[in-house]
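Hi everyone, thanks for coming along. Let me put the structure up, and then I'll walk you through a few spots in it.

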Amino acid sequence: MKTHSLATAAAFTTVTLALSGCAVNGPVAVSSHVASPSATPTPTPTPAPQAALGSRANPFPVGTPGKYDPASVWTFTGQATNPDATAEVIAGNQFNQSPLAGQTYVKTKFTISLANTPEVANGADPGSSFRIAYVGNDGNTYQDQGCTPASPEVNYGSLGTMYGGATATGVVCVIVPATAIPGGTWSINSQVKQAVAFFAGAPAS
């Protein structure tokens, strides 16, 4: 019996050591699966709101009628701009002012319409109702010189009194530094209230 007990104890010790050896010295399996971090969705950029039509950032295009105020009796339609009209303007009238070095005349025409409403039953004069100027790419405003174009063209300020339903075309000539002309706009400011509209000028170079 004693011999059998010793043998059993020896066998138990051997198994224990074997198991202990496996636990300490054997290879340890490591999972090859690594959790991927959850992908962060790319935010969709919010488009910038477009500037209002008729603003300096979004002027009325050539040929598009516009107003400086929805309630205004005046409607304007700008034509293409001549960014180098000096020779044409000087040839039109000898008394037109000559630009200084580095300056040039920029010229366009506006078709101007007057609504047929009771408030203009006695007529309205473009020259005293609004002012047209050129806003250069340098941010400065250059006023109309009141040039006299060659007949049959007429400066917008000399169109005279218009009555409801009338439409006329007037010329605008402005002396501007040559470098400030590309990308500029025409501005039409009301003379009777605080309102302004912008129309396409010379294309950006």
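**A cavity and its neighbours**

Let me begin with the largest cavity, whose lining is made of Glu88, Val89, Gly92, Asn96, Lys107, Cys147, Thr148, Pro149, Ala150 and Cys173. A cavity here is a set of points, on a 1 Å grid over the protein atoms alone, where a 1.4 Å probe fits but cannot get out, and lining residues have an atom within 4 Å of a point. This is a predicted model, with local features needing pLDDT of at least 70 and side-chain atom pairs counted only at pLDDT 80 or more, while totals for chains, interfaces and linings use all residues. Residues are numbered from 1 along each chain as its sequence is written, and side-chain values use heavy atoms, leaving out hydrogens and water.

How large is the volume of the largest cavity? About 30 Å³, taking volume as the space filled by probe spheres set on the grid points, which are joined across faces, edges and corners. Its lining divides into five nonpolar, three polar and two charged residues. Helix α2, residues 86-92, gives the largest share of the lining, with three residues. Helices (H or I, at least four residues) and strands (E, at least two) are DSSP runs numbered from the N terminus.

Now for two of those lining residues. Cys147 and Cys173 form a disulfide, with their sulfur atoms 2.1 Å apart; the cut-off for the pair is within 2.5 Å. Cys147 sits in the loop between β4 (141-143) and β5 (167-177) and Cys173 in strand β5, so the bond ties together parts 26 residues apart in sequence. The S-S torsion is about 65 degrees, so this disulfide is right-handed. A search of the whole structure finds one disulfide.

Are these cysteines buried or exposed? Cys147 is buried at 3% relative accessibility, and Cys173 is buried at 1%. Buried means under 20% relative accessible area, exposed over 50%, and partly exposed in between (1.4 Å probe, protein chains only).

Last stop, the strands. β2 and β5 run antiparallel, joined by 11 bridges, and strands count as paired if DSSP finds at least two bridges between them. β2, residues 103-114, also pairs with β1 in the antiparallel sense, over five bridges. Phe110 in β2 stands opposite Gly78, and its bridge partner in β5 is Gly170.

How values were computed. 1 Å grid on protein atoms, 1.4 Å probe; cavity = no way out; pocket = protein on both sides within 12 Å on 5 of 7 lines; lining within 4 Å. Nonpolar A, V, L, I, M, F, W, Y, C, P; charged D, E, K, R; others polar.
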